[in-house]
Amino acid sequence: CVKSRAVNEMRSSLRRDAFAVLLLLAICTALFADVLFLGRHFYIRDLTRFYFPTKQVIREILLSGDFPSWNPNYSAGQPLAANPEYEVFYPPQWLILLPSYDFGYRLHIVVHVYIAAIGMYLLLRSMRLKIPGAFFGGLVFGLGGIVMSNINLLPILFCAVWMPLIFLFALRFLIAPNLRDFALAALFAGLQMLPMEPTTLVQTWFLIGCYALYRAWYDHKSRIRGAIRNTMLVAFLLVAGIAVGGVQLIPAFDHAADSSRARK
């Protein structure tokens with residue numbers, strides 16, 4: 001009887017969580033309905049002058065059957081896949097390959113609002129916040145200043161929205177190390193590294209490191225041993241994330257070494 005009651009409570013909680021997630025998606029969709037369904041566009045700053053035409057170049061190269069290693073259209077040609085600014089290896093950007101480039105371009109931006117809102121909701125629920133509090137937190141993060149102000153700066157947006165999901169599984173891994181949380185934390189860390197926006201990457205791992213030391217400080221058995229253990233766990237996560245993002249990191253560092261800035 002007790003077990004049956006616990007199962008029913010868990011199912012009820014999952015249903016409420018699912019409803020909260022769907023409501024978050026519905027609200028975000030409603031607020032961006034003009035972009036998703038009425039043909040309105042994001043246009044401020046770099047969105048019109050750089051990202052819209054650049055991503056169309058990537059689409060045309062891919063649909064022609066070539067690997068996007070070189071952009072022949074800018075400045076008499078320049079490396080394409082090796083430059084993280086083009087985000088060739090970043091999976092959400094592959095939405096630009098939809099039959100309508102115009103819609104795919106708009107969707108690949110809006111989908112990051114969904115990722116931000118749902119990721120923050122899941123992170124807050126993992127911290128034992130009740131559903132209304134987690135829902136409010138997800139809504140504020142997904143539609144708040146960090147995400148909205150960076151819609152016109154796509155590399156920052158594409159890095160920032162993954163922070164809650166990285167924190168969720170990294171914190172779970174630090175509390176109780178296991179392969180599933182390790183793999184998911186590394187996966188989302190790797191996705192964050194593909195756009196390779198440095199300030200967001202540094203902030204993400206600084207906060208994870210601080211949490212690791214915080215947990216060690218409250219380990220009354222041995223703070224020093226706990227700090228060493230947690231530091232090693234964070235290092236393992238970071239290396240795994242780098243391995244996932246290596247498809248972009250390796251050519252990017254090679255490209256940076258050959259750039260004019262490196263020679264100054």
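This tour moves through the structure one selection at a time and states what is found at each stop.

## Before starting

The model is predicted: local features are reported at pLDDT of at least 70, and side-chain atom pairs at pLDDT 80 or more, whereas totals for chains, interfaces and linings use all residues. Residues are numbered from 1 along each chain as its sequence is written, and side-chain values rest on heavy atoms, with hydrogens and water left out.

## The whole chain

The order along the sequence is α-α-α-β-β-α-α-α-α-α-α-α-α-α. Along the principal axes, the C-alpha atoms fill a box of roughly 70 × 45 × 30 Å. Of the 264 residues, 45% are buried; here buried means under 20% relative accessible area, exposed means over 50%, and partly exposed lies in between, with a 1.4 Å probe and protein chains only. Among contacts with a separation of 6 or more, 65% join residues 24 or more positions apart, a contact being heavy atoms within 4.5 Å.

## Two loop residues with positive phi

Select R45, in the loop between α2 (33-37) and α3 (46-63). Its phi is near 55 degrees, a positive value in a residue other than glycine. R45 is partly exposed, with a relative accessible area of 44%.

Next, select E87, in the loop between β2 (78-79) and α4. The phi of E87 is also positive, near 55 degrees. Is E87 buried or exposed? At 0% relative accessibility, E87 is buried.

Move to H108, which lies in helix α4. H108 is buried, with 0% relative accessibility. Beyond its neighbours within four places in sequence, H108 is in contact with K55, P92, Q93, L95, I96, L154 and F158.

Now select α4 (residues 101-126) together with α5 (residues 131-142), which pack at an angle of about 150 degrees with axes 7 Å apart. Axes are lines fitted to C-alpha atoms, for helices over the stretch in contact, and angles run from 0 to 180 degrees between N-to-C directions. The two helices, α4 and α5, are therefore roughly antiparallel; angles over 145 degrees count as such, those under 35 as roughly parallel, 65 to 115 as roughly perpendicular, and the rest as oblique.

To see the contact, show the side chains of V113, A116, A117, M120, Y121, L124 and R125 in α4, and I131, G133, A134, F135, G137, G138, F141 and G142 in α5. By class, this contact of α4 with α5 has ten nonpolar, four polar and one charged residues. Ala, Val, Leu, Ile, Met, Phe, Trp, Tyr, Cys and Pro count as nonpolar, Asp, Glu, Lys and Arg as charged, and the others, Gly among them, as polar.

## Helix α8 and its partners

Select α8 with α10. Their axes come within 11 Å and cross at roughly 25 degrees, which makes α8 roughly parallel to α10. In this pair, M163, I166, F167, A170, L171, L174 and I175 of α8 meet T200, T204, L207, I208, Y211, A212 and R215 of α10. The contact of α8 with α10 has eleven nonpolar, two polar and one charged residues.

How do the axes of α8 and α11 cross? They come within 10 Å and cross at roughly 140 degrees, so α8 is oblique to α11. The contact is made by A170, F173 and L174 of α8 and R229, N230, L233, V234 and L237 of α11. These residues of the contact of α8 with α11 divide into six nonpolar, one polar and one charged.

## Helix α9 and V244

Select α9 (residues 179-193). Its buried residues are D181, A185, A186, F188, A189, G190, L191, Q192 and M193. They pack against α7 (154-160), α8 (163-175), α10 (198-217), α11 (223-244) and α12 (246-257).

Finish at V244, in helix α11. V244 is partly exposed, with a relative accessible area of 38%. Setting aside residues up to four places away in sequence, V244 touches A186, L187 and G190.

Conventions: Helix = DSSP H or I, 4+ residues; strand = E, 2+ residues; numbered from the N terminus.
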